[in-house]
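User: Hi, I have just opened this one and have never looked at it before. Could you walk me through it?

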Amino acid sequence: MNEKKSGFLIPENQRQNWWSIALVWIGAMICVSCLMVGGVLGSGLTLGRCVLAILIGYGIVCFYMCFVGIQGCDTGLPTAVMAGGALGEIGGKYVVSAILALACIGWFGIQAAVCGASFASMLAAMGGPELPVWICSVVWGIIMVTTACFGFKGLKWLNYIAVPLLIIVLIYGMVVAYTSNNGFDAITNYVPVAPISFVAAISTTVGSFAVGGSLAADYCRFAKNRGDVIKSSVVGVLPSGLLILVIGAVLSIVTGQYDITVVLTAAGVPAIGLVALIAATWTTNVTNAYSGGLSLSILLGLDEKRSRVCTWIAGFVGTILAAVGIMDQFQTFLSLLCALVPPFVGVIIADYWILCRGHKEKFVIRDGVYIPGLVAFLVGAFVACMTGGTFSYFAATAFLNVPFFIGPINGIVVSMVLYVILVKLVPGKK
């Protein structure tokens with residue numbers, strides 16, 4: 001491997017236990033948006049089929065994130081830097097880093113806005129002062145980005161504390177909802193109110209963590225070996241993903257409401273709901289700020305030591321967007337970004353695992369922009385948008401919408417296959 005971007009290499013003495021990385025993934029998985037996804041699945045499928053769709057969907061995510069994560073472990077590099085092998089250093093810097101930075105900053109803003117609105121509402125419901133939503137969003141946005149600025153260690157210790165608490169609160173909330181709403185009869189006699197296809201359920205599950213899986217190298221570069229990458233990814237995603245989505249599905253079935261904070265408030269324990277809201281949003285949003293800052297620092301040509309400044313910038317911009325209340329206008333744009341992120345995973349995997357055969361000694365970052373990689377990525381992104389329903393968000397491109405299987409996975413496969421073909425057709429030295 002060449003020494004480009006050595007400022008992002010993780011030395012051996014900074015490698016972490018696999019459980020620390022798994023906790024980061026668990027913290028990222030447990031959030032209000034995943035409860036919402038579980039609620040959507042619960043309203044469209046029986047609980048048994050819902051569980052199967054979740055296992056298949058997150059199994060697919062774990063499969064490709066292990067490949068990306070192992071490469072990150074081998075090279076010690078984050079995703080945006082690794083992309084320079086397939087897209088060229090400039091291509092990885094200005095294409096991948098920009099997309100990842102925008103996606104992470106945008107989602108940070110959305111999570112901060114959700115936290116601020118819910119915090120203000122629940123505080124008022126508990127008899128506290130009625131604070132403006134924008135003030136709550138700013139306060140919690142600052143707290144979240146401050147944690148992220150401590151780097152991986154900050155993420156690790158936050159999740160050590162918050163994850164066990166979150167799991168206990170979530171299970172408690174589900175038990176409360178189940179026992180107070182005659183949950184057994186509700187589940188056994190349940191008929192989906194808004195039926196969806198099994199493939200659509202799998203696609204929805206994949207989409208809920210498609211971006212997170214693409215960022216696997218950002219965190220797995222801290223792993224000690226390849227086995228630790230696999231353990232941290234599978235243990236960090238599958239059990240927690242199944243738990244949070246099933247809880248969302250059960251809440252939706254027995255109460256008609258996926259949001260556990262609302263359920264706990266209705267049960268007379270709003271303080272516990274408030275803890276769940278803050279902890280869930282906090283553990284998820286620090287990963288948004290950390291990865292957003294990392295991508296932004298790569299985009300600006302900075303190294304790991306100065307990425308803390310970029311993390312502040314990423315969190316600050318996201319917080320401002322949340323405070324001024326314009327994040328709802330970015331939902332469609334962010335959906336587009338989520339369709340664009342997974343396809344470059346295809347070219348990264350193809351370059352390292354097919355052409356380099358998984359040997360880090362053969363991996364190098366190409367100079368400039370590598371056209372075969374850029375073309376494969378763009379075609380894969382187009383296919384992901386076309387088959388995943390992204391084009392339906394825009395009136396001018398709605399006619400291009402051709403739903404088929406799972407959009408992000410289609411994009412990964414197409415970009416991977418096309419990259420190998422183009423490299424063979426356009427030979428050249430790395």
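**Charged pairs, core and surface**

Analyst: Let me begin with Arg226, which counts as partly exposed because its relative accessible area is 34%. Please keep in mind that this is a predicted model.

User: Ok, and which side chain does Arg226 meet in a salt bridge?

Analyst: Its partner is Asp74, and the N to O distance between the two side chains is 2.6 Å. The pair links distant parts of the chain, since Asp74 lies in helix H3 (residues 47-75) and Arg226 in helix H13 (residues 226-255), 152 residues apart. Asp74 counts as buried, because its relative accessibility is 15%.

User: How many salt bridges does the structure hold?

Analyst: There are three salt bridges. Another one joins the side chains of Asp228 and Lys231, at 3.4 Å from N to O, and these two residues sit about one helical turn from each other because they are three residues apart in helix H13. Asp228 is buried at 7% relative accessibility, while Lys231 is partly exposed at 38%.

User: And Asp351, what does it pair with?

Analyst: Asp351 meets Arg366 in a salt bridge, with 3.2 Å between N and O. This pair also links distant parts of the chain, with Asp351 in helix H17 and Arg366 in the loop between H17 and H18, 15 residues apart. Asp351 is buried, with a relative accessible area of 1%, and Arg366 is buried too, with a relative accessible area of 5%.

User: Switching to the inside: which residues touch the most other members of the largest nonpolar core?

Analyst: Those are Trp25, Tyr58 and Phe344, in a core that has 127 residues. H17 supplies the largest share of this core, namely 12 residues. If you select Trp25, you will find that it touches, leaving aside residues up to four places away in sequence, a set that includes Met65, Phe209, Leu215, Tyr219 and Val237.

User: What about the outside, which residues form the nonpolar patch on the surface?

Analyst: The patch is formed by Ile90, Tyr94, Val369, Ile371, Val375 and Val379, and together they have about 480 Å² of accessible area. Helix H6 (89-125) and helix H18 (371-388) are the elements that give two or more residues to it, and H18 gives the most, with three residues.

User: Where does Val369 sit, then?

Analyst: Val369 is in the loop between helix H17 (331-355) and H18, and it counts as partly exposed because its relative accessibility is 41%.

User: Last one, how far apart are the end C-alpha atoms of helix H19?

Analyst: They are 27 Å apart, which agrees with the 27 Å that the 19 residues of H19 (residues 407-425) should span at 1.5 Å a residue. Among the buried residues of this helix are Gly407, Pro408, Ile409, Tyr419 and Leu422.

Notes: Residues numbered from 1 in each chain as written. Predicted model: local features only at pLDDT ≥ 70, side-chain atom pairs only at ≥ 80, totals over all residues. Heavy atoms only, no water. Patch = residues over 30% accessible without salt bridge, like charges linked within 9 Å, V, L, I, M, F, W, Y side chains within 5 Å. Areas by Shrake-Rupley, 256 points an atom, 1.4 Å probe, with all protein chains shown as cover. Salt bridge = Lys/Arg side-chain N within 4 Å of Asp/Glu carboxyl O. Helix = DSSP H or I, 4+ residues; strand = E, 2+ residues; numbered from the N terminus. Buried < 20%, exposed > 50% of the residue type's maximum accessible area, 1.4 Å probe, protein only. Core = buried A, V, L, I, M, F, W, Y, C linked by side-chain atoms within 4.5 Å. Contact = heavy atoms within 4.5 Å. Expected span 1.5 Å × (residues − 1).
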